[in-house]
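Dear colleague,

I am handing over the structure below, and my notes on it follow. Please read them with the coordinates open.

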Amino acid sequence: MADRDLSMGPREGVTYPVRVQYCGNCSMPIEYCEYYPEYDKCKQWLEKNLPTEFEKVKIDEEENAGGEEEKKRQKRGGKDIDLKVAAKFFGTKFACGSSVTGDDEIVIQGDVKDDLFDIIPEKWPEIDEDSIEDLGDQKR
């Protein structure tokens, strides 16, 4: 078995108490903002309220520019919408099962079709109602 230090107590190099800074936009710790669907709003809040943290985020983005960010956020039809986050939103909103099943498809269990046509343009204004397709009941 690998030797791991599982001892309790303070660690060297860490100042206590640990202070965590939270984002005023998404209310998550700043290091998790990049996973929030409205990351741009988080960056705006950081730039205005915590400029030193914003500089750190900006430097990190420049170092990781390119491929990794494109993998995290799936672009659909020119829209920058994270399908996994959208599926989680639907599952929470409708208290049902929801999952990403294809390149540009989310399957939602339950009879929520009528509500979707209202909620999608509300949550994501960049999506036109005409571009939403109902594929009906399909066996998987």
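How many disulfides does a search of the whole structure find? With a disulfide taken as a pair of cysteine sulfur atoms within 2.5 Å, the search finds zero. Cys23 is in no disulfide, and the nearest cysteine sulfur to its own, that of Cys33, is 3.7 Å away. Cys23 is buried, at a relative accessible area of 3% (buried means under 20% relative accessible area, exposed over 50% and partly exposed in between, with a 1.4 Å probe and protein chains only).

Before the rest, two remarks on conventions. This is a predicted model, in which local features need pLDDT of at least 70 and side-chain atom pairs count only at pLDDT 80 or more, while totals for chains, interfaces and linings use all residues. Residues are numbered from 1 along each chain as its sequence is written, and side-chain values use heavy atoms, with hydrogens and water left out.

Helix H4 covers residues 83-94 (helices are DSSP runs of H or I with at least four residues, numbered from the N terminus). H4 has 12 residues and reaches 16 Å from its first C-alpha to its last, close to the 16 Å expected at 1.5 Å a residue, where the expected span is 1.5 Å times one less than the number of residues. Its buried residues are Leu83, Ala86, Ala87, Phe90, Gly91 and Phe94. These cover an arc of only 135° around the axis, so they lie on the same side of H4; the arc is that of the directions from the helix axis to the C-beta atoms. The face turned away from this buried side carries the exposed residues Lys84, Lys88 and Thr92. At the N-terminal end, H4 is capped by Asp82, with a side-chain oxygen 3.2 Å from the backbone nitrogen of Lys84, and after the helix comes Ala95, whose phi is positive, near 50°.

Turning to the rings, there are four aromatic pairs (rings of Phe, Tyr and Trp, the last by its six-membered ring, pair if their centres lie within 6.5 Å; planes under 30 degrees apart count as stacked, over 60 as edge-to-face and the rest as tilted). Phe90 and Phe94 form a stacked pair, at 6.4 Å centre to centre and 15° between the planes, and they are four residues apart in H4, about one turn of the helix. Ring pairs link Phe89, Phe90, Phe94 and Trp124 into a cluster. The charged end of Lys123 sits over the ring of Phe89, 4.8 Å from its centre (NZ of Lys or CZ of Arg within 6 Å of the ring centre and within 35 degrees of the ring normal).

Notes
Helix = DSSP H or I, 4+ residues; strand = E, 2+ residues; numbered from the N terminus. Polar contact = N/O pair within 3.5 Å; in protein donor to acceptor, adjacent residues only side chain to side chain.
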